[in-house]
Amino acid sequence: MPTMNMIQAINSALDVMLERDPDVLLFGEDIGYFGGVFRVTDGLQAKYGKNRCFDTPIAEGGIIGAAIGMGAYGLRPVAEIQFVDYILPAYDQLVSEAARLRYRSGGEFWAPITVRSPYGGGIFGGQTHSQSPEALFAHVVGLKTVIPSNPYDAKGLLISCIEDDDPVIFMEPKRIYNGPFNGKHDEALKNWAGDPSADVPEGHYTVPLGKAAIAREGKDATVLAYGTMVHVAKAGIEDSGVDAELIDLRSIVPLDIETIVASVAKTGRCVILHEATRFAGFGGELSALIQERCFWALKAPIARVAGWDTPYPHAFELDYLPGPGRLAAALVKVMED
Amino acid sequence: MAKPASSRSRKPAAGTAAPAPADHNRERPADPKPYQASKEELLEFYKQMLLIRRFEERAGQLYGLGLIGGFCHLYIGQEAVAVGIQSALTPGKDSVITGYRDHGHMLAYGIDPKVIMAELTGREAGISRGKGGSMHMFSVEHKFYGGHGIVGAQVSLGTGLAFGHKYSEDGGVCVAYFGDGAANQGQVYESFNMAALWGLPIIYVIENNQYAMGTSVHRSSSEDRFYLRGESFRIPGIQVDGMDVLACRGATEEALAWIHAGKGPIILEMKTYRYRGHSMSDPAKYRSRDEVQTMRETSDPIEGIKKALADAGIKEDELKSIDAEIRKVVSEAADFAETSPEPVAGELYTDVLVEQY
């Protein structure tokens, strides 16, 4: 089986879907001739032509708006927003059109669009190239939001997103495009080769949306994470010495609440980890859902480890991004509470 | 999708001598001619415009009675635009998308007045099953893609629809309507750029009724000749008398010919006028009663076509029987909308997604 990093796995998913379905189209800023700033679409224009994989003007609202029109018309567009920080001009289109078209048309029209976009910190991109705005999407009824943490899931989830008839935001953790890391932000990336999740089949397969993965089994506490933070969580759990269960959510909408509840009911303790800012972050929703469902099983208050409530800093990045130390400390504390 | 026509291909051949005057440096659509309608077509235009007017008057009454809640933007005064344009399209092939003032477009498309009125009153039988309301109505059958309440957002969607026509090579054209107010939204120009770049089959119809809510075009638009708004993108535009249904139809014919010849997108600026307020809650202090009265007396599209009908030898009696027929249709629609049931509670959670969460 071939070994792929995240970029190759996502490229392979797009390749598979372009091959299988003539209604699938890729477009975005610099994705055609140039192959994308992170090279995710490299070679696809040469293989499928300019009609299937093409460059757009720098116009995010127009890109997403046109994608919705194409989707309503019956195509299956996959649009790239170069960095998720750039998606805000298109937020109107995502909220008011993509997410709501089906409901307000009484089921007449909907837009099966996939919006791919790199997100997250760890590459010293500063404010406008580092953020994690998943809570902005999770709050929008009618959108799905998916965040993979490894190459195998990335390919299988992206194929599911493209085949899904609802609008989906597919957030790609750019910190781990080229390799996983040991969770320590100041150390070099490892290579995906050698990681079991880098064994990625060439052909078509899917990882279902709304199904979390148990990345590590444990009995004393539950850690919830997604994307880059799954890797931080693994390191933090090792450092803490706590026998924690790690759940990789994979998609935050739809959310696999059953897997979460089963784990917390078993462990009685929970730490939620995300790199987005804490206040009104997705961790707040997770915390509320768990409290509603597992109140009598909880042995300690649910803890959240998240980005600080500031704009994304350039200088303090290594401190801003939650690292294994902060997770380990939170785990130790929930065990003492 | 065929190879997109690049803007380069429209430049004059290399080696051309002195640069041509700015207005004539590329091909432009011909000046449209008023449509030569048959007697039957004239009657049909009259019928459709009258249906829109009577329907909208009735909707205004139902609003006043509290049967229609929220927002309700009437099309009275602008009837010639939708009727003239729709009559030139090929049903089932061409697609249409518009903004929030959408009742008239739907009626012009032949959609049953009952299900439109029932949508206004929020009933199960409404065309969006009561969940869309006045601004949000759709019909797959008529390739009518809504009905959009966010000013200007439909322009990008229409551009995507036009892409769909081109990609699937179905020969269809998208008509994307928006108003003079929406014409100042940024994504309109993102859309113009893409449509010209990719040679998309789309008519951008700017219904210039001269007021963006309560702000006149002169107070909101640095270039108020909207047909010129595509010039930076090499999209030609035509200004049309939007109070004259034959002029609207004639201009649409010209626009369709332009697109069918593979020349890319085109803009039609329809100069029109709405007699009523922007919505039902509009105190209309931004214009004088005299202005409205003068427009009604001198430019009314329905009075205008009556003259053409008289010239064609249609008797007053025949028009009267059409009037009576339309009043009946509208009354039935209103009765239906008042008496048909509201959606059941379970409908709240349907169609949020194609699948369930």
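Visitor: What's the strand order in the open sheet of five strands?
Guide: The order is β7-β9-β8-β11-β12 in chain A, with mixed pairing. Strands (E, at least two residues) and helices (H or I, at least four) are DSSP runs, numbered from the N terminus. Pairing takes at least two DSSP bridges between two strands. This is a predicted model: local features need pLDDT of at least 70, side-chain atom pairs pLDDT 80 or more, while totals for chains, interfaces and linings use all residues. Residues are numbered from 1 along each chain as its sequence is written, chains are lettered from A and ligands numbered from 1 in the order written, and side-chain values use heavy atoms, without hydrogens and water.

Visitor: Which are the edge strands?
Guide: β7 (213–216) and β12 (303–307) of chain A; each pairs on one side only. The twist averages 25° from one strand to the next.

Visitor: How many bridges join β11 to β12 in chain A?
Guide: Four, and the two strands run parallel. T277(A) has G307(A) in β12(A) as its bridge partner.

Visitor: New topic. Which residues lie nearest the centre of the largest pocket?
Guide: A138(A), V253(A), F282(A), E285(A) and L289(A), out of 17 lining residues. A pocket here is an open set of points on a 1 Å grid over the protein atoms alone, where a 1.4 Å probe fits, with protein on both sides within 12 Å along at least five of seven lines; lining residues have an atom within 4 Å of a point.

Visitor: Which element gives the largest share of that lining?
Guide: α10(A), with four residues.

Note on methods. Axes are lines fitted to C-alpha atoms, for helices over the stretch in contact, and angles run from 0 to 180 degrees between N-to-C directions.
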